Amino acid sequence: VQLQASGGGLVQAGGSMRLSCVASGMIFSINAMSWYRQAPGKQRELVAGITSDNSTNYADSVKGRFTISRDNAKNTVYLQMNSLQPEDTALYYCNALYYLRGYWGQGTLVTVSS
């Protein structure tokens, strides 16, 4: 199982960005996918998750600003981030829960300037 995240970069506060995570080596449609983030000096935290039947959940800090979605035909999960704030600056990781085992992709850095 491999997860490849992309889409990070530098954006000004108030801007938008979309992260993508492509999965391989799994039956993508049956697993749950999540995005986590880790800011400097802080613990990794759950940002958003989506189940195989497209149920979603979000951290309170991103509700109404971020949207997680998936395209099973492309084995890809997305994180649309709007109204970005400096406190959203972090390494963002995608995670797959596949047959009760968690898999991590490499992080993609999101930097929001004030």
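User: Leaving aside its neighbours within four places in sequence, which residues is Gly15 in contact with?

Analyst: This is a predicted model, in which local features need pLDDT of at least 70 and side-chain atom pairs count only at pLDDT 80 or more, while totals for chains, interfaces and linings use all residues. Residues are numbered from 1 along each chain as its sequence is written, and side-chain values use heavy atoms, with hydrogens and water left out. Gly15 sits in the loop between β2 (9-12) and β3, where strands (E, at least two residues) are DSSP runs numbered from the N terminus. With contact taken as heavy atoms within 4.5 Å, and neighbours within four places in sequence left aside, the residues that Gly15 meets are Met81, Asn82, Ser83 and Leu84.

User: Does Gly15 count as buried or exposed?

Analyst: Buried means under 20% relative accessible area, exposed over 50%, and partly exposed in between, with a 1.4 Å probe and protein chains only. The relative accessibility of Gly15 is 18%, so this residue counts as buried.

User: Which residues form a disulfide, and why is it right-handed?

Analyst: Searching the whole structure gives one disulfide, defined as a pair of cysteine sulfur atoms within 2.5 Å. Cys21 lies in strand β3 (residues 17-24) and Cys94 in strand β9 (residues 90-98), so the pair ties together parts that are 73 residues apart in sequence. Both Cys21 and Cys94 are buried, and their sulfur atoms are 2.0 Å apart. The disulfide of Cys21 and Cys94 is right-handed because the torsion about its S-S bond is about 50°.

User: Which residue in β8 is the bridge partner of Ile68?

Analyst: Strand β8 (residues 76-81) pairs with β7 in the antiparallel sense over six bridges, and these two strands form a hairpin with four residues between them, where Asn75 in the turn has a positive phi of about 50°. β8 also pairs with β3, again antiparallel and over six bridges, and there Leu19 stands opposite Leu79. Five of the six residues of β8 are buried. The bridge partner of Ile68 in β8 is Leu79.

User: At what relative accessibility does Asn31 count as buried?

Analyst: Asn31 is placed in the loop between β3 and β4 (32-38). Not counting residues up to four places away in sequence, Asn31 touches several residues, among them Met26, Thr51, Arg70 and Tyr98. Asn31 counts as buried because its relative accessibility is 1%.

Notes
Two strands pair if DSSP finds at least two bridges between them.
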